[in-house]
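Hi there,

I'm handing over the structure we talked about, and I hope you enjoy looking through it. Please open it first, and then read on for what turned up.

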Amino acid sequence: MKGIIGTLRRGYAGLNDAMVPQDDNRSEIAIKRKRFRVILLLGIFFSAVMFLISISISSGGIIPLSDALTSLISAVSKGGNGLNTEELYIFQSRLPRTVAAIGVGAGLAIAGCMFQALIRNPLVDPYITGVSSGAGCMAIAVVVMGISLSALSDYSNYIIPLAAIIGGLLAFGITLSVAEGAGGSATNYILAGTIVGFAFTSIQTIFLSLEKDNLTNVMWWLYGSFANITWENAFLVLIPALAISIIAMFWAREFNLFMTGEDQANQLGLNVRRFKAVMMVVASVLTSICVAFVGVIGFVGLVIPHACRMLLGGDHRLIMPASIVLGACLMLFADLVARVVIAPLEIPVGAVTALIGTPVFAYMLIRRGRDYDG
Amino acid sequence: MTDDSLLRIRDLRISFGDFEALHGIDLDIPKGLLVGLIGPNGCGKSTMMKCISKLHKTWTGEISIDGDSTRDMRPIDIAKMVANVPAEPPQMFGTTLMDLVMLGRYPFVNKVWWESPEDEKAVREALQVFGLDHYRRKQVSLLSSGEKQRALIAKAYVQQPKLMLVDEPTSHLDMKYKLEVMEYLQNMARSDMTVMVAEHDISLMARYCDICIIMKKGSIVTVGDPKKVITEDLIREIYEVDARVGLDLDGEIYVLPKRYIRG
């Protein structure tokens with residue numbers, strides 16, 4: 001046991017500067033490149049393990065990992081046609097929500113990471129620009145006002161997500177206009193996002209009070225759930241969320257620069273105003289996509305980037321890939337817990353993320369909080 | 001403009017709303033000098049430095065560095081000539097000293113992600129120059145005020161600028177660190193880098209700077225050798241304070257404020 005703990009400690013020491021002896025004279029860049037590769041390998045490994053566990057366990061019972069893998073490969077190779085019961089269950093029920101959970105977990109974590117760097121505030125989460133309130137307001141408006149045009153009946157699965165994306169981007173647009181009108185500082189964005197969020201939440205509350213009997217379709221969305229995910233919208237979440245997350249990583253050095261403050265970043269040659277505006281739009285679009293299909297899931301976007309900073313230090317070239325991986329793994333685990341803990345009922349996944357993450361984060365805060373000038 | 005002028009400013013003006021903060025500044029600063037910028041709060045010291053590094057962009061007039069006008073320069077090109085040391089260290093979550101100083105290489109790194117071995121070598125050399133190499137893996141938040149200030153100067157140093165602008169570098173430091181920071185700045189000026197320091201400690205400025213620029217209400221009052229320009233009359237004029245200005249036993253100027261003159 002001591003040997004295992006020692007190995008884990010040495011392994012972690014290799015990932016964090018504070019744990020590397022000061023007289024270790026190796027190249028810092030070489031060490032970071034190595035850490036990046038380790039993060040990728042560990043990330044792929046743990047994501048694959050969580051993915052397999054996720055499709056193996058459900059409210060109906062547990063299938064051995066090897067059987068789950070065999071059924072998965074068989075179902076995929078058949079292209080979803082002529083499947084036996086187990087293959088059908090995995091392919092049609094568990095796989096889409098698992099795929100969506102990866103996209104949403106990664107997307108929310110990296111959006112949180114981007115916003116925390118852009119606003120340089122540790123209390124910021126992906127919903128800081130009012131995206132979740134705008135999305136929620138529009139989604140509920142659609143349900144309450146009964147917008148189910150017959151011409152759109154084939155696309156009824158997409159009406160709420162589409163309304164949510166429009167609402168999220170509308171809220172962000174208003175926040176952007178107000179914040180830029182006030183000077184465009186980080187504080188302006190926080191204040192503008194907060195008041196816009198309040199405004200949309202108020203409208204949402206009015207809608208809820210108008211028609212409280214017809215809200216079953218939307219309650220899942222308010223608290224976050226993967227229950228309504230189908231193959232079509234699973235890929236609509238996964239592909240853009242992962243693509244945007246990975247593309248954003250190319251600007252990791254600029255995010256590092258941003259942490260020194262806007263004046264310093266500007267003075268070092270970054271066009272701060274343009275970078276901030278573009279990245280705010282990117283992070284808000286990413287958040288809107290995540291929120292649109294699975295609702296408002298808190299905690300991941302706030303805490304995963306902090307956890308990665310505590311584990312790995314302040315370099316976004318390591319924090320961003322680690323956030324993608326850790327966000328995806330936490331979301332897979334939270335979705336698993338949400339659907340099996342009181343099966344056959346499901347609990348909101350947003351509640352699970354917070355319940356799992358809070359004690360873990362509190363422990364990390366106690367252990368590393370003194371070193372962490374958050 | 002003289003041949004050895006590094007910084008040339010002509011008729012520099014900037015307004016914020018109806019308030020004109022700088023009223024037509026003219027200035028020539030030669031290469032390789034430690035230049036002190038002295039004046040009361042709000043006299044335009046920081047504003048002038050922000051105009052030079054183009055953090056303020058709405059100024060009128062002309063600023064040129066080593067003969068090149070900064071008017072149409074991109075931020076990245078300015079960054080290769082001018083470095084800026086802020087008064088306050090930034091709050092950085094989990095960032096190490098090495099990471100912070102490495103950011104000074106940003107204008108020169110062409111690769112998308114990783115700095116080159118040459119960049120790392122330049123940073124390690126700077127850390128050794130400033131006595132920080134042993135702390136390179138320490139988090140910035142855990143450094144002392146003096147170490148943080150040295151780290152910020154080291155970050156500016158690895159930018160290899162022709163002109164370094166330093167805003168109130170000793171405001172949070174004790175006597176030892178004040179002298180230490182000023183000696184580092186003086187050594188950089190001796191190595192052909194021009195260093196402009198805005199500071200309130202006039203005795204410290206007078207002791208270390210080659211020339212002093214005295215400002216009041218957005219204008220330059222006088223420029224010259226500190227031993228010649230810093231007088232009791234000048235202190236009274238710009239600060240509205242009675243002060244004793246004298247030479248100590250080593251022949252260094254000291255300024256001792258006595259009382260402020262009631263309006």
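This is a predicted model: local features need pLDDT of at least 70, side-chain atom pairs count only at pLDDT 80 or more; totals for chains, interfaces and linings use all residues.

Residues are numbered from 1 along each chain as its sequence is written, and chains are lettered from A and ligands numbered from 1 in the order in which they are written.

Strands here are DSSP runs of E with at least two residues, numbered from the N terminus, and two of them pair if DSSP finds at least two bridges between them.

Strand 3 of chain B (residues 34-38) pairs in the parallel sense with strand 9 (residues 211-216) over 4 bridges. Another 4 bridges link strand 3 to strand 8 (residues 194-198), also parallel, and there Gly36(B) has Val197(B) as its bridge partner.

5 of the 5 residues of strand 3 of chain B are buried (20 or more other C-beta atoms within 10 Å of their own, with C-beta atoms placed from the backbone), so the strand is largely enclosed by the rest of the structure. Leu34(B), Gly36(B) and Ile38(B) point one way, and Val35(B) and Leu37(B) the other.

Chain B also has an open, antiparallel sheet of 4 strands in the order 2-1-4-5. Strands 2 (19-30) and 5 (68-69) are at its edges with a single partner strand each, so one side of each lacks a neighbour in the sheet. Within it, 5 bridges join strand 1 (residues 5-16) to strand 4 (residues 60-65), with Arg10(B) partnered by Glu62(B).

Best wishes

Key:
A residue is buried if 20 or more other C-beta atoms lie within 10 Å of its own, exposed if 12 or fewer, and partly exposed in between; C-beta atoms are placed from the backbone.
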